[in-house]
Amino acid sequence: MEEKVMKDCKVLALCSQKGGVGKTTSCVNLAVGLAKAGKKVLVIDNDPQGSMTASLGYHNPDELPITLATILTKIVEDEPFENTLGILHHQEGIDLIPANIELSGMEVSLVNIMSRELVLKQYIERMRGEYDYILIDCMPSLGMLTINALASVDAVIIPVQAAYLPVKGLEQLIRTIGKVRRQLNKQLKIGGILITMVDNRTNYARDISDLIFDTYGNQIKIFPQSIPFSVRAAEISAEGISIFEHDPKGKVAAAYWQMTQEVLLDER
Ligand SMILES: Nc1ncnc2c1ncn2[C@@H]1O[C@H](COP(=O)(O)OP(=O)(O)OP(=O)(O)O)[C@@H](O)[C@H]1O
């Protein structure tokens, strides 16, 4: 029975070695897409920049009193807390654990504690019973907070921007994922590479997409639908809403909806 409860919830991290690749945008839209498909979704902002928090309409994350840092501190200090602690409800039907600059202190303080890689996992394990999907938006580095995310999740989705040669950063991330799989989380899978911000008018974007398919296509799933470049996508964080609300009939909404279907297909 316990095994079944664990499998009912799927926990995904959106991770990238590089910033500005569309990770937060993808996390927001996948989360809302899953909610539109009838799933109960929690997103966790695991980045001290608080981009996910801001993108969901909390434009001053530093003013929020309770964040992921509060929760991780309680776990480290063995203090009891309710599962509802810190949860914010977004208008499009998803829940959010926000983050702000306080989380950067955790990156340092976690280094000195016992089982430092598994603090976030303790939180995720207790929340699995409450949600169908938990998505974690990671910071663009492979520090302690990202390792905590990789140790907690079932699969990692890697957004890659089709605008520069991504291979080097990807190699390092894939190596780190392999290491975490061997040492901390045997279940960890790569859920897929998502190619983002594709401007189909340029040969360059097509060349990068081809290169990613050629290099990784036989070992890692690559989402068949890449995300087009569009100013409509860039506008959503200022609005605090998803692309499904902002431009429901546009090509970016269609692409994220297709990605959502792919993620749902992968349900175990
Ligand atoms: N499909 C798209 N078309 C055009 N612009 C986009 C698209 N997706 C995201 N953007 C814009 O690109 C910028 C980077 O996107 P986003 O914040 O999602 O990336 P990120 O990888 O999460 O960055 P960071 O790691 O710094 O948080 C933002 O200004 C965002 O609005």
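Leaving aside its neighbours within four places in sequence, which residues is Ala-31 in contact with? Keep that in mind, everyone, while I show you around. One thing before we start: this is a predicted model.

So, Ala-31. Its contacts beyond those sequence neighbours are Val-41, Val-43, Ile-94 and Leu-135. Ala-31 also belongs to the largest nonpolar core, which has 84 residues. Within that core, the members that touch the most others are Ala-13, Ala-31, Val-41, Val-43, Ile-134, Leu-135 and Leu-150. Helix 2, residues 23-36, gives this core its largest share, 7 residues.

Seven strands make an open sheet, and reading across, the order is 3-4-2-5-1-6-7, with mixed pairing. Strand 3 (88-89) and strand 7 (189-196) are at the edges with a single partner strand each, so one side of each has no neighbour in the sheet. If sheets are new to you, strands pair through backbone hydrogen bonds, either parallel or antiparallel. Follow Ile-44 across and you reach its bridge partner in strand 5, Ile-136.

Let me pick out two residues in the strands. Asp-95 sits in strand 4, residues 95-97. Is Asp-95 buried or exposed? It has 21 C-beta neighbours inside 10 Å, and 20 or more is the cut-off, so Asp-95 counts as buried.

Lys-189 is 34 residues from Ala-155 along the chain, yet their C-alpha atoms are separated by 4.5 Å. Lys-189 is among the residues Ala-155 touches, together with Leu-12, Ile-190 and Gly-191, leaving out residues up to four places away in sequence.

Last stop, helix 4, residues 68-76. Leu-68, Ala-69, Ile-71 and Leu-72 are buried there. They span an arc of only 160 degrees around the axis, so they lie on the same side of helix 4. A handy rule: an α-helix has 3.6 residues a turn, so residues three or four places apart point the same way. And what covers those buried residues? The cover includes strand 2, strand 4, helix 5 (102-109) and helix 6 (119-127). Just after helix 4, look for Asp-78, which has a positive phi of about 60 degrees.

Notes: Residues are numbered from 1 along each chain as its sequence is written. This is a predicted model: local features need pLDDT of at least 70, side-chain atom pairs count only at pLDDT 80 or more; totals for chains, interfaces and linings use all residues. Two strands pair if DSSP finds at least two bridges between them. Helices (H or I, at least four residues) and strands (E, at least two) are DSSP runs, numbered from the N terminus. A residue is buried if 20 or more other C-beta atoms lie within 10 Å of its own, exposed if 12 or fewer, and partly exposed in between; C-beta atoms are placed from the backbone. Two residues are in contact if their C-beta atoms, placed from the backbone, lie within 7 Å. A nonpolar core is a set of buried Ala, Val, Leu, Ile, Met, Phe, Trp, Tyr and Cys residues joined through C-beta atoms within 7 Å. The arc is that of the directions from the helix axis to the C-beta atoms.
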